[in-house]
Amino acid sequence: MTLVLESTWIPAGDDTAMTYRLRVTNRSAETLRDFRLCISGPCQVDLAATAEGGAIGRRLSTFTELLPPDGYALEPGASWTISLRDLGWSFQHWTDGARGAYLALADGGILSVATAPTIRAGGNASPKRGVEPYPVPARPPVPISVIPWPNAVSVSGVGASPAGLCLMADGAEAEAAAAAFTSLVHDLFAAEGIVRPIAEGGLPVRLHRNESLAREAYALAFSREEVTVTASGRTGLLYGLVTLGQIWRGAHLFPESYGFPTGGTVTDAPSMSWRGLHLDVARRFYGSAEIRKLLAVLAWNKLNRFHWHLSDDEAWRVEIDAYPALTEIGAWRGHGLAIPPLLGSPPEKSGGYYTKAAIGEIVAHAGRLGIEVVPEIDVPGHSHALQQAIPELRDPDEKGSYYSVQNFPNNCLNPAREETYQALETIFEELIDLFPFRTIHVGADEVPLGAWSGSPQALAKLREIGGAAMAETHARRLNVTSHSPLAEAIEGSGAAALQAIFLARVQTFLASQGCITGGWEEAAHGNVIDKDKSYLCGWRDMDVSAALAGAGYAMVVCPGQAYYLDMAASPDWDEPGASWAGSSTAEATYAFDPVAGWSAAQRERLLGVQACIWSEPMGDRAVFDRLVFPRLSAVAETGWTRPEQKSWARFKAAAGLMPVLYGAS
């Protein structure tokens with residue numbers, strides 16, 4: 001690469017402001033003139049930021065153009081340095097800086113720029129990627145390896161593992177479970193030969209049904225000659241086989257540490273009904289093969305909900321026949337496109353979307369693994385990509401700008417326009433046909449305080465529902481360049497009142513289609529949604545989650561401080577990840593109590609727990625693995641295992657045996 005970008009984060013000192021310094025070196029033989037340096041990464045250059053050594057040009061969220069001085073020429077072997085100040089936030093990790101860069105030339109051409117990881121002034125360690133090793137100890141606390149740990153383990157003895165497991169199914173449910181398990185271990189551990197016939201040394205494993213057991217419960221009975229798995233149906237049988245497969249892998253791969261039971265029983269059932277993972281595919285696109293592998297990882301952790309975040313400001317990822325522009329325009333980023341490179345994506349066209357056929361295959365595969373899929377279309381905020389594809393949804397007379405916390409201008413669908421509901425109902429009708437769980441998550445998070453403050457239609461609606469004073473107060477929020485998306489700030493505001501109108505209308509429609517409506521905790525603003533036909537994901541503050549449960553909302557707990565897997569594992573610069581919610585080690589995530597201090601009445605409104613993967617820092621897949629594993633398994637054990645049976649020492653000993661998405665497991 002003939003152009004190289006190096007960048008340095010300089011923290012604020014006693015006499016200096018925090019500074020982001022970028023240096024482009026021309027290693028080519030040509031002089032470069034009339035160019036713009038285009039950068040993107042998790043970092044945002046605030047509207048109030050200043051520059052030394054050049055100027056700041058166009059910016060959109062994490063995309064920024066930097067301009068050299070007029071007439072500047074970048075000679076061969078020379079470097080141009082520009083320093084940015086007043087960015088609005090402080091870098092904490094090496095992934096916070098620019099992850100992608102290129103030069104845009106006056107003739108319309110582009111030149112790629114190799115981008116080195118951002119370093120911090122005052123000392124650095126090498127950036128960390130890949131899963132943190134969790135070696136299996138010679139003497140683990142328990143004789144068998146299982147995550148999440150079962151309700152009751154009564155093993156009378158252990159020995160060497162058999163060569164493999166020969167599944168003997170009787171009936172359609174048992175056959176479906178056996179087929180799902182065979183597919184699962186092939187996807188995760190193809191070379192290990194877990195499932196094999198008796199002729200190749202497979203130990204007989206007999207699958208039996210007992211309809212008195214709960215749907216996800218199972219029991220294992222061991223003898224030297226065979227294993228019996230009992231459950232009410234295919235999901236319980238599959239979970240029993242997963243436990244058996246984990247026991248086999250521990251004894252097979254680490255025979256000096258773990259054994260295979262020669263007698264005894266395991267009886268098990270989950271402590272929570274909702275054990276989920278949220279994946280943001282808008283910020284980074286993950287292909288169908290990656291989703292299939294991820295679903296296998298979820299099943300191996302006995303997670304049963306996949307919350308699929310299919311839209312956001314940065315992209316739209318699902319095919320909708322009625323609006324082909326959603327994927328023609330909203331699914332792609334690149335230089336010269338409606339959505340520029342963001343979060344380090346290249347200048348060349350990049351992105352993607354899921355066809356209806358692909359979604360059908362993924363949803364069916366998830367169902368075979370006991371996983372229900374919940375799609376999310378994030379509205380009314382986080383809708384920049386949707387608006388680029390369907391611009392007629394905007395109020396044509398809207399003036400000025402408000403900005404989201406991610407620095408997207410005017411990114412909220414207008415609740416005062418009938419066109420908004422016509423489009424959404426059409427989209428949701430197509431979406432409902434794809435997802436048989438009939439639970440649709442509508443987002444409803446991070447609507448800016450100034451949303452719709454320049455829209456005559458929205459202000460007229462606000463006067464209608466809240467009076468002239470509320471409308472006038474809201475209009476004064478126009479052209480804000482800073483805001484707080486916190487619930488405490490927006491609750492009671494004009495934006496909250498307008499969002500309440502929107503949510504009431506959307507939920508009424510979804511309920512008429514037989515659907516449950518999901519939302520982030522901000523969906524409670526205005527207290528308008530039907531609590532019997534909805535659930536909320538509590539993500540900011542555990543006190544808020546508890547209060548919402550006390551108010552009667554069904555809650556899925558997923559606090560950023562513990563269950564957001566994009567947060568770094570430590571405050572150290574060399575760790576990848578985000579930092580707005582702090583950091584959380586795997587041990588801290590494991591120890592986190594999602595209902596600490598909740599009353600009995602509040603606990604009755606708990607559906608379960610969910611880990612969340614937001615993809616902004618996932619610039620490469622090795623970073624994904626490092627951030628997600630083994631914290632995903634830590635959340636899974638909290639959702640399944642009774643609190644009094646949890647043990648970090650036992651979990652840590654077996655964590656290295658759990659599969660990861662990209663690296664070796």
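Helices (H or I, at least four residues) and strands (E, at least two) are DSSP runs, numbered from the N terminus. The model is predicted, so local features need pLDDT of at least 70 and side-chain atom pairs count only at pLDDT 80 or more, while totals for chains, interfaces and linings use all residues. Residues are numbered from 1 along each chain as its sequence is written, and side-chain values use heavy atoms, with hydrogens and water left out.

**View A. Helix 1 packs on helix 2.**
Helix 1 covers residues 172–189, and helix 2 covers residues 234–253. Their axes lie 9 Å apart, at an angle of about 40 degrees. (Axes are lines fitted to C-alpha atoms, for helices over the stretch in contact; angles run from 0 to 180 degrees between N-to-C directions.) Helix 1 brings Glu173, Ala174, Ala176, Ala177, Ala178, Ala180, Phe181, Leu184 and Phe189 to the contact (heavy atoms within 4.5 Å). Helix 2 answers with Arg234, Leu237, Leu238, Leu241, Val242, Gly245 and Arg249. By class, twelve of these contact residues are nonpolar, one is polar and three are charged. (Ala, Val, Leu, Ile, Met, Phe, Trp, Tyr, Cys and Pro count as nonpolar; Asp, Glu, Lys and Arg as charged; the others, Gly among them, as polar.)

**View B. Helix 2 also lines the largest cavity.**
The structure holds two cavities of 30 Å³ or more. The largest has a volume of about 60 Å³. (On a 1 Å grid over the protein atoms alone, a cavity is a set of points where a 1.4 Å probe fits but cannot get out; a pocket is an open set with protein on both sides within 12 Å along at least five of seven lines; lining residues have an atom within 4 Å of a point. Points are joined across faces, edges and corners, and a volume is the space filled by probe spheres set on them.) Ser145, Val146 and Ile147 are among the lining residues, as are Gln246, Arg249 and Gly250. Trp300, Ala654, Leu657 and Met658 line this cavity too. Helix 2 gives the most to the lining, with three residues. The lining has six nonpolar, three polar and one charged residues. Arg249 belongs to this lining and also to the contact of helix 2 with helix 1.

Of the 16 residues in its lining, the closest to the centre are Met272, Asp593, Pro594, Val595 and Pro643. Helix 14 (586–591) and strand 30 (606–613) are the elements that give two or more residues to the lining. Nine lining residues are nonpolar, four are polar and three are charged.

**View E. Helix 7 crosses helix 11.**
Helix 7 spans residues 418–434, and helix 11 spans residues 494–512. Their axes come within 11 Å and cross at roughly 35 degrees. Helix 7 uses Glu418, Thr420, Tyr421, Leu424, Glu425, Phe428, Glu429 and Ile432. On helix 11, these meet Ile501, Phe502, Arg505, Val506, Phe509 and Leu510. The contact divides into nine nonpolar, one polar and four charged residues.

**View F. Helix 8 packs on helix 11.**
Helix 8 is made of residues 456–466. The angle to helix 11 is about 90 degrees, and the axes are 10 Å apart. Ala458, Lys461, Leu462 and Ile465 of helix 8 touch Gly494, Ala497, Leu498 and Ile501 of helix 11. Six contact residues are nonpolar, one is polar and one is charged. Ile501 touches helix 8 here and meets helix 7 in View E.

Most residues other than glycine have a negative phi, and most peptide bonds are trans. Pro148 sits in the loop between strand 12 (119–120) and strand 13 (152–159). Ile147 also lines the largest cavity. Pro380 lies in the loop between strand 25 (372–379) and helix 6 (384–389).

**View H. Asp34 has a positive phi.**
Phi of Asp34 is near 50 degrees, in a residue other than glycine. Asp34 is placed in the loop between strand 3 (32–33) and strand 4 (35–40).
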